[in-house]
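This report examines a protein model, with attention to its aromatic rings and to one of its helices. Please consult the sequence and the structure while reading.

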Amino acid sequence: MTDQIEKLKRTIEPLRQEIINHKVYSAIKDINDLKVFMQYHVYAVWDFMSLLKTLQNNLTCTSVPWFPKGSADTRFLINEIVAGEESDLDLNGVRKSHFEMYLDAMKQCGADTAKIERFTDVLKKTSDFKSAHFTSETAKEARDFVDFTFKVIQTGKDYLQSAIFTFGREDLIPSMFISIINEMQENFPEDISIFKYYIERHIEVDGDHHSHLALQMTANLCSDNEQFWKEAEEAVIQSLKQRIELWNGVYRQLKVRPTP
């Protein structure tokens, strides 16, 4: 299984590098540019949580009466990740999901949260994605990103869901972007301290501990089934392409934004 993981990593490496070196990062010059970035990225933060909870529902027993379900090792892996993502500590030591933390960061810096909040509100009431996207005027690239994630969710295949969670949803944050955020935080500490904390927390938890757990989970689910690994590879490639197109959408928006 380790060989399969390494093979998949080699296959997707060119796409990973394309994301790491995407021109969107160098286009973020000030807080107003960062706001645009966040208004797109928040959709990815939200549907990451949906993907996570789908895995928990599929891999553990979340109904009553309770019965043991699947491998206890896999149950442990997904529950460990859920605890950290759904109820982490924010900058003030308050328990919050990473999505709620991200909304706080948007509000602190003045980014518009109306669209994502309208989207989740309509979806909660109707379960109709088309209506939620239309009502909230979701940008096409963000809409396509979310729709792809839910297409994988709807397959009901936990090994595909785990694969895009592990490889396709890994936020590859280049050092250049971190430097930009650090510089902004020095100049505007009251505007992006929450976002800086979110990024640092993301690197610390998601990029290290959770990534190792997710790798093991995907290895467990694909096991030695060649067809599963083949399907997983195809899904991860499409997921990374969706992330590139999401960043393309941010970049195009930044290029047409009026210079202050």
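Which residues do ring pairs link into a cluster? In this predicted model, the cluster consists of Tyr25, Phe37, Tyr102, Phe177, Phe195, Tyr198 and Trp247.

**Aromatic pairs**

A pair of aromatic rings is described by the distance of the centres and the angle of the planes.

| Pair | Distance of centres | Angle of planes | Arrangement |
|---|---|---|---|
| Tyr25 and Trp247 | 6.4 Å | 80° | edge-to-face |
| Phe37 and Phe177 | 5.3 Å | 45° | tilted |

Tyr25 belongs to helix α2 (residues 24-27) and Trp247 to helix α12 (residues 226-256), so their pair ties together parts that are 222 residues apart in sequence. Tyr25 is buried, with a relative accessible area of 2%, and Trp247 is buried as well, at 3%. Over the face of Trp247 lies Arg243, at 5.1 Å from the ring centre.

Phe37 is located in helix α3 and Phe177 in helix α10 (residues 175-187), so this pair ties together parts that are 140 residues apart in sequence. Phe37 and Phe177 are both buried.

**Helix α6**

Helix α6 (residues 114-126) comprises 13 residues and spans 18 Å from its first C-alpha to its last, close to the 18 Å expected. Its residues Ile116, Phe119, Val122 and Leu123 are buried. These four cover an arc of only 135° around the axis, and therefore lie on the same side of α6. The buried residues of α6 pack against α3 (31-59), α5 (98-109), α7 (129-136) and α8 (140-155). The face turned away from the buried side carries the exposed residues Lys124 and Lys125. After α6 comes Ser127, whose phi is positive, near 60°.

Technical notes
Residues are numbered from 1 along each chain as its sequence is written. This is a predicted model: local features need pLDDT of at least 70, side-chain atom pairs count only at pLDDT 80 or more; totals for chains, interfaces and linings use all residues. Side-chain values use heavy atoms; hydrogens and water are left out. Helices (H or I, at least four residues) and strands (E, at least two) are DSSP runs, numbered from the N terminus. The expected span of a helix is 1.5 Å times one less than its number of residues. Buried means under 20% relative accessible area, exposed over 50%, partly exposed in between (1.4 Å probe, protein chains only). The arc is that of the directions from the helix axis to the C-beta atoms. Contact means heavy atoms within 4.5 Å. Rings of Phe, Tyr and Trp (its six-membered ring) pair if their centres lie within 6.5 Å; planes under 30 degrees apart count as stacked, over 60 as edge-to-face and the rest as tilted. A charge sits over a ring if NZ of Lys or CZ of Arg is within 6 Å of the ring centre and within 35 degrees of the ring normal.
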